[in-house]
Every structure is written in structure tokens, then in C-alpha cells.
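Trainee: Could you walk me through this one? I have the sequence and the model open, and I would like to ask things as I go.

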Amino acid sequence: MKTCDIFKQKTTLSFEVFPPKSDTPIDSIYSTIDGLAPLKPDFISVTYGAGGSGSNATIGICEMIKEKYGIEPVAHLACINLTREKVLFELAQMRAAGIENILALRGDINPNVPPHEDFRYAAELIELIKESGDFNILGACYPEGHPEAPNMVEDIRHLKEKVDAGCSQLISQLFFDNEDFYAFREKAAIAGIDVPIEAGIMPVTNPKTIARMATLCHAKLPKKFLTIMSKYENDPIAMRDAGIAYAVSQIVDLIANDVDGIHLYTMNNPYIATKICSAVQSLFK
Ligand SMILES: NC(=O)C1=CN([C@@H]2O[C@H](COP(=O)(O)OP(=O)(O)OC[C@H]3O[C@@H](n4cnc5c(N)ncnc54)[C@H](O)[C@@H]3O)[C@@H](O)[C@H]2O)C=CC1
Ligand SMILES: Nc1nc(=O)c2c([nH]1)NC[C@@H]1CN(c3ccc(C(=O)N[C@@H](CCC(=O)O)C(=O)O)cc3)CN21
């Protein structure tokens, strides 16, 4: 099933997982998906070397999500370090595995790995995927603007190019201030971007993740968020609960503002995803 068709029926709820890191047993992904599947997400996306981990079990995990759990998978594909030939090989593998949906990304630039010259931007990957078969293509977007973009106008112009190249839906970078998302959504609409935009929500439940959000994602951390996190910095249970509550409050407000869907960055933690879903699951109609 092509995930873009789901938006015609309901507000979507999707999850993101990453392949286990090299120091974690590969089997741990089964307990992650076992824990997430009962929450009945509309789709689950699987990262491709997210955060520079470089591991590549993405296609195998997508196949398992589809075959064993009957949930629609979305395979991430980040092109910055790939040759054109390697991308065509990955696409052939995906087709053989029955994968219909791809999140086409440029990918994070690793300062220690000079980028390959075949792809500079996600739009170039999207063009190639479009030529190479009947895939549904998703893209990423940035409510606060992409950190490398000189300004929001340029970033939205490039986003429009991405949509014109063949993206049928967008997933946003994580953010903690919904007003940034609403302002971005309005600018995108003015630019003629008319595909569904899912809001990316990251439950922040420990200090390590807060630091990561600032460096990897450049997300703005609002005062309200920092206040509640510092209040509980020495109490892991309270901090976890505060992170869950903050994510729930963002989701409720987004739904009240007619968001197309929510994409939950689960960090492979079914306990936290279950807590969040138990508060808001029935709102996804
Ligand atoms: N779920 C995930 O795995 C997500 C990953 N990311 C990461 O975000 C980063 C960026 O990836 P994408 O959004 O796919 O990249 P992109 O290629 O759409 O944009 C990257 C940057 O290049 C600029 N740009 C695009 N086209 C341009 C052009 N023709 N000329 C000049 N500048 C241009 C954009 O404004 C932006 O600053 C990656 O690090 C990606 O891995 C972001 C969100 C979600
Ligand atoms: N620039 C960018 N790159 C990404 O790969 C990316 C985004 N943004 N935004 C959306 C999601 C969020 N991603 C993330 C966010 C945080 C971690 C992180 O904190 N990783 C920890 C390990 C967590 C664990 O194993 O439990 C780390 O230390 O790397 C990883 C991926 C991947 N995606």
C-alpha cells in the first residue's frame, strides 16, 4: 500500500525506528516491533544509518514489518555518501522485498567522510527514484528551516522543488514549539506545497537525548521545555513522565489545529510510545 493514500481517510499516526546499533543484538528489533505493533500505526519508517551509525539492515527490517506484522513499512534512503549505481542497487533490493514507500533524504554530512559527488540534494535522489519505478516517495521538511539553509525562503523554495520532483507526502523534523510548525505550514501552502505534512514528534525523556537534539537536529528548545526538564534532571522517572506529557500536549494541540498526521520518533522505545498512544490513540480518525 502506498502510504500517501492513507491521508485521504484519516489523520495518520506513524512511527520511526532505527536498526539496532552495532553494540546491540540485531534481534532486539523484534522486541521493539512486538511492542509497537499493538499500537496499530498507519506505517513504520526505518532509518538508514541515522545519526551517522552507518548500519544497514533497513530493507530486512522493512520486509519483516510487512510480512510478520502486516504493517506498511517506509524505508529511508540517504544518498549523500552513495553512488548512483549503489542507489539503483538499493532500489532493486527494495522492489524485490516488496517495499513500496521510500523516505528520500540527502542524509547527514559526516565531517570525516567526504560526500560522494553523484547526489548533492534529496531532490536529485527523488528524480532518480521517480524514473526507476512505481515507488511512493516521501521527503523531509524543516519547521524551523534547515540548519544549512541561509533563510526560510530559500529552504521552502528547495522544498517546493522536492515536491515537484515527486514527493507525495512530507515528514517534519522534530520540533518543540508548535507555533513554528504552524508558521511553516502556512509558508509552505503559500509556496504551493499541497501534499500532506506529518508533524515529527520526539518524546525527550533523558538528558542524553536533549543534547543530541541540539547538535544533530538543531531544534530550538523553548523555555517551558527547558524549565520542566531541568526541574527533574535528577529524577529519571519524573523526567521520563515529563517528556511523555510534553509530547502528548504537543500532539493534542496539533490535532486541534488539523494536522495531517503525527510521526513519532520512537527511539525504539515501545514503553514510551505506548504511554503516549494510550493518551491520544482515539483522536486519530
Ligand atoms: N527521519 C529522518 O531520518 C530525517 C533525517 N533528516 C536529516 O536531515 C538532513 C537533510 O536531508 P534532506 O532534507 O533530505 O535534504 P535536502 O537536500 O532536502 O536539503 C538539504 C539542504 O540543502 C538545501 N538545498 C536543497 N536543494 C538545494 C539546491 N538546489 N541548491 C542549494 N541548496 C539546496 C536545503 O535548503 C537544505 O538546507 C539530513 O541530514 C537528513 O538525514 C531530517 C529529517 C528527518
Ligand atoms: N539531522 C537529522 N538526522 C537524523 O538522522 C534525524 C533527524 N535529523 N531528525 C529526525 C530523526 C531523529 N533521529 C535521531 C535522533 C536522535 C538520535 C539519538 O539520540 N541517538 C542516540 C542513541 C539513542 C539510543 O540508542 O537509544 C545516540 O547517541 O546516537 C538518533 C536519531 C534520526 N533523524
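Trainee: How many residues of the shell around ligand 1 are nonpolar, polar and charged?

Mentor: This is a predicted model, and in it the shell around ligand 1 is made of eight nonpolar, six polar and seven charged residues.

Trainee: And which residues are the closest to ligand 1?

Mentor: Ligand 1 is surrounded by 21 residues, and the closest of them are R106, Y121, A122, H146 and H158. If you look at where the shell comes from, strand 3, helix 4 and helix 5 are the elements that each supply two or more residues.

Trainee: Which element gives the most to that shell?

Mentor: That is helix 5, which contributes four residues to the shell around ligand 1.

Trainee: Okay, staying with helix 5, at what angle does helix 4 pack with it?

Mentor: Helix 4, covering residues 122-131, and helix 5, covering residues 152-165, pack at an angle of about 5°, and their axes are 9 Å apart. The two helices are therefore roughly parallel to each other, since angles under 35 degrees count as roughly parallel.

Trainee: Which residues meet there?

Mentor: On the helix 4 side you will find A122, A123, I126, E127 and K130, and they meet E161, K162 and A165 of helix 5. Sorted by class, this contact has four nonpolar and four charged residues, with no polar ones.

Trainee: Switching to the strands, what do they form?

Mentor: Eight strands form a closed barrel in the order 1-2-3-4-5-6-7-8, and their pairing is parallel. On average, with direction ignored, neighbouring strands in this sheet are turned by 25° against each other.

Trainee: Can you zoom in on one pair for me, and tell me how many bridges join strand 3 and strand 4?

Mentor: Strand 3, residues 73-78, pairs with strand 4, residues 101-105, in the parallel sense over four bridges. As an example to find on screen, L77 has A104 in strand 4 as its bridge partner.

Trainee: New topic, then: how do helix 8 and helix 9 pack?

Mentor: Helix 8 (residues 223-231) packs with helix 9 (residues 236-256) at an angle of about 160°, their axes being 9 Å apart. That angle makes the two helices roughly antiparallel, and their crossing is right-handed.

Trainee: What sits in that contact?

Mentor: Helix 8 brings F225, I228 and M229, while helix 9 brings M239, A242 and Y246. By class, the contact has six nonpolar residues, with no polar and no charged ones.

Trainee: Last one: how do the axes of helix 1 and helix 10 cross?

Mentor: The axes of helix 1 (residues 28-36) and helix 10 (residues 270-280) cross at roughly 10° and come within 9 Å, which makes these helices roughly parallel. T32, G35 and L36 of helix 1 meet P270, A273 and T274 of helix 10, and these contact residues divide into three nonpolar and three polar, with no charged ones.

How values were computed:
Residues are numbered from 1 along each chain as its sequence is written. Chains are lettered from A and ligands numbered from 1 in the order in which they are written. This is a predicted model: local features need pLDDT of at least 70, side-chain atom pairs count only at pLDDT 80 or more; totals for chains, interfaces and linings use all residues. Axes are lines fitted to C-alpha atoms, for helices over the stretch in contact, and angles run from 0 to 180 degrees between N-to-C directions. Angles under 35 degrees count as roughly parallel, over 145 as roughly antiparallel, 65 to 115 as roughly perpendicular and the rest as oblique. Two residues are in contact if their C-beta atoms, placed from the backbone, lie within 7 Å. Ala, Val, Leu, Ile, Met, Phe, Trp, Tyr, Cys and Pro count as nonpolar, Asp, Glu, Lys and Arg as charged, and the others, Gly among them, as polar. Two strands pair if DSSP finds at least two bridges between them. A residue is near a molecule or strand if its C-beta atom, placed from the backbone, lies within 6 Å of it. A crossing is left-handed if the near helix is turned anticlockwise from the far one by less than a right angle, and right-handed if clockwise.
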